[in-house]
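Colleague: I would like to go through the terms used for this protein and see what each one rests on.
Modeller: Ask about them one at a time.

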Amino acid sequence: MKMKAAVLEALNTPLKIEEIELDDPKDSEVLVKLVATGVCHSDIHCIKGDLATAPPVVLGHEGAGIIEKVGSKVTTVQPGDRVILTVAPYCGKCPACMMGVPTSCENYPQTAMLMGSMPDGSKRLKRKNGEELSHFMAQASFADYAVVDESAAVKVREDAPLDVVCLLGCGASTGIGAVINKARVKAGSSVAVYGCGGVGLAVIMAAKLAGARQIIAVDMLDKKLKFAGELGATDLVNASKDDPVMKIAELAAGGVDYAFEAIGNTTAMNQAVHSVYSRPGGMAIILGLAPIGATFSIEAWRFLREITVTGCTAGSIRPQIDIPHYVDLFMQGKLPLDKMISARYTLRQINKAISDTLEGKIMRGVITF
Ligand SMILES: [Zn+2]
Ligand SMILES: [Zn+2]
């Protein structure tokens, strides 16, 4: 079918709206008419060339919409279902999936999602001249329609506003899942969050819901720290003015129980680990994606304090269980996802949405169709 999509033709250039061809869904795939899609920093990383997905590519990976068509082997969703498109499709059969960690699926690895094809390695998008286009994160939701694997289309309740809950496709679920699924933040504990973009803000929201006593937000931009304060951070640290490790030690009597790194920067990762050194059993949770090959070091004797340093991909969620749960929490007023959205755009305004996100003018932008 023909549809409109925003195509990245070359690195560091504006996206162009083009009419392109989308193939029908294969056996275990579904066709979704997009209603909304979030603009995430990973889309911008791709434009800058920080990720492996090479142009020409259709970006967008926080889509939500309505199923229009399903492949012959699809069993979990049907036309008319309202779905959130997650960045973590999974096979359901490999050891990681069987152990309840589908975000580390061995057959549909996250690294492969960044290579620009569908989980089976092929593509569904092409130009009139037959040239194939890549799918960002096996989704490509900056377009009127998307074809995704069945496991990536998560059915949600009828009354959920898709132009808000679409954020759960990537960034928001990553932050919320890191707090609830991975760290299991205890009530009354102290938390630090390095980076107040979409993921960091979701960490703050979820830590507040979990009953954290103190939530210290760290960022280089006062604008972003202001957003963090609005969503529940109790203390704000501008890392361009203060050493965040020292400041956290001062604010939290030595250090915090949990430190989340939500940037993808090895300096911040190191600082997050330092922030839990003094807490017996403290945990540093690394959410950001650092450049391949980047390293940081840890003073080994600190493990004497039984600290944990762990990674967490896409919030370690089990999409069909956790995303509907987070939607319920939003509908009950416990997770104010709507407060994260400070601007809405049309697909034609995509480049403005991207520049506003990049400049930190908005907390989160959503494209509506
Ligand atoms: Zn699997
Ligand atoms: Zn994302």
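Colleague: How do you know that strand 7 and strand 8 are joined, and do they run parallel or antiparallel?
Modeller: In this predicted model, two bridges join strand 7, residues 125–126, to strand 8, residues 132–135. Pairing requires at least two bridges, so these strands count as paired. They run antiparallel, and Leu125 stands opposite Leu133 in strand 8.

Colleague: Which strands close into a barrel, and in what order?
Modeller: Five strands do, in the order 1-2-7-8-4, with mixed pairing. The protein has 18 strands and twelve helices.

Colleague: Why is Ser151 called buried?
Modeller: The cut-off is 20 or more other C-beta atoms within 10 Å. Ser151 has 24, so it is buried. Of the 369 residues, 53% count as buried.

Colleague: Where is Ser151 found, and which residues does it touch?
Modeller: Ser151 lies in the loop between strand 9 (145–149) and strand 10 (153–155). Leaving out residues up to four places away in sequence, Ser151 touches Pro89, Tyr90 and Gly92.

Technical notes: Residues are numbered from 1 along each chain as its sequence is written. Chains are lettered from A and ligands numbered from 1 in the order in which they are written. This is a predicted model: local features need pLDDT of at least 70, side-chain atom pairs count only at pLDDT 80 or more; totals for chains, interfaces and linings use all residues. Helices (H or I, at least four residues) and strands (E, at least two) are DSSP runs, numbered from the N terminus. A residue is buried if 20 or more other C-beta atoms lie within 10 Å of its own, exposed if 12 or fewer, and partly exposed in between; C-beta atoms are placed from the backbone. Two residues are in contact if their C-beta atoms, placed from the backbone, lie within 7 Å.
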